[in-house]
Every structure is written in C-alpha cells, then in structure tokens.
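Notebook open, structure up on the screen.

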Amino acid sequence: MDDTVKLVVYDMENAPSEKEELREWIKRQGEGLTAYEQAGAAAAAPDLQGWFLEMIRNFPPKSGELAPDQDKVDKSQELRLHLTDYQIGKHMICASFRQEAGKQAQDVAEKLAMVYDVGFLRLE
C-alpha cells in the first residue's frame, strides 16, 4: 500500500475536459515533470505558480530554495508531517503528501485550485 497521497493541479486551458482523455493527458504530462528543486515554480504557468506559492505556506517542499531550514524540520513533528514532494511542469504540478496529512492537503489543494482556477485531480 502506498503511503502517499498524490494530487495534480493543471492548467485547464491546455487539458482535455473529458475524464478519460484527461487521465491520459496527465499521464503524458507527468513524464515531462521535473522535481521542484530542479525546475522551480517559474517553470509553471502563472495560475499554477500562484497555487504553488499558496500551497507551500502549509505544505512546504521537502527540498529546494523554499524548503524550511533543517533545524526547524528536526524540531517539529508537524512540519515533518507536512513536507511535500512537488514536481512541476508548464501545465501541471503533481504533489505527493504523507498519508497522515493527505485529507488536510487534499482539502487545501482543492480550495486553492478553485481560487486560482486550475483543475484538480487526486491520483489513485
């Protein structure tokens, strides 16, 4: 059993609207994603960048320039629980959360997707 919850937000203008086509599109886009620490948020479309910058307030990246200091991570179990792996592409961001934080992360991610007018999908 996978111990992570994987969520995808995507640029709806560049994605198909039909669900099966969308899943295939996400699969193809996923092959071109780059780890956040290598790509940076600037690799994504502006609405996705906005979503990401809001999301990392509560679910910071595990690594990269926006990751919390290791001393803070070592001292806070809650912070460790919320550390997130992000993969970024021009039209899609994939975020992987620890199972224990999955429900909260999904709620926050889905609300922010509405705010930034980006698509949202939980990967199974």
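**Charges.** I started by counting charged side chains: the protein has 15 positive and 23 negative ones. Lys and Arg went in as positive, Asp and Glu as negative, while His and the chain ends were not counted. I placed each charge at NZ of Lys, CZ of Arg, CG of Asp or CD of Glu. The centres of the two sets lie 4 Å apart.

**What I am looking at.** This is a predicted model, so I note that local features need pLDDT of at least 70 and side-chain atom pairs count only at pLDDT 80 or more, whereas totals for chains, interfaces and linings use all residues. Residues are numbered from 1 along each chain as its sequence is written, and side-chain values use heavy atoms, with hydrogens and water left out.

**Salt bridges.** Side chains of opposite charge can pair when their charged atoms come close. How many salt bridges does the structure hold? I found four, taking a salt bridge as a side-chain nitrogen of Lys or Arg within 4 Å of a carboxyl oxygen of Asp or Glu. I wrote up these:

- Asp-107 pairs with Lys-103, with 3.0 Å between the closest N and O atoms. The two sit four residues apart in helix α6 (residues 102-116), which means about one helical turn between them. Lys-103 is exposed at 60% relative accessible area, and Asp-107 is partly exposed at 29%. My cut-offs: buried is under 20% relative accessible area, exposed is over 50%, and partly exposed is in between (1.4 Å probe, protein chains only).
- Arg-98 meets Glu-100 at 3.5 Å, N to O. Here Arg-98 is partly exposed at 36%, and Glu-100 is exposed at 55%.
- Arg-57 meets Glu-54 at 3.7 Å, N to O. Arg-57 is exposed with 64%, while Glu-54 is partly exposed with 24%.

**Fold.** I then listed the elements: six helices and five strands. Helices (H or I, at least four residues) and strands (E, at least two) are DSSP runs, numbered from the N terminus. From that end the order reads β-α-β-α-α-α-α-β-β-α-β.

**Overall shape.** Along the principal axes, the C-alpha atoms fill a box of roughly 45 × 30 × 25 Å. Buried residues are 41% of the 124.

**Asp-11.** I looked for this one in the loop between β1 (4-10) and α1 (19-30), and there it was. Buried or exposed? Asp-11 counts as buried, at 15% relative accessibility. Leaving out residues up to four places away in sequence, Asp-11 touches Trp-25, Ala-45, Leu-48 and His-91, where contact means heavy atoms within 4.5 Å. Ala-44 is 33 residues from Asp-11 along the chain, and their C-alpha atoms are separated by 9.2 Å.

**Asp-117.** Last stop was the loop between α6 and β5 (119-123), where Asp-117 is found. Most residues other than glycine have a negative phi. Asp-117 is not a glycine, yet has a positive phi of about 55°. I also noted that Asp-117 is exposed, with a relative accessible area of 53%.
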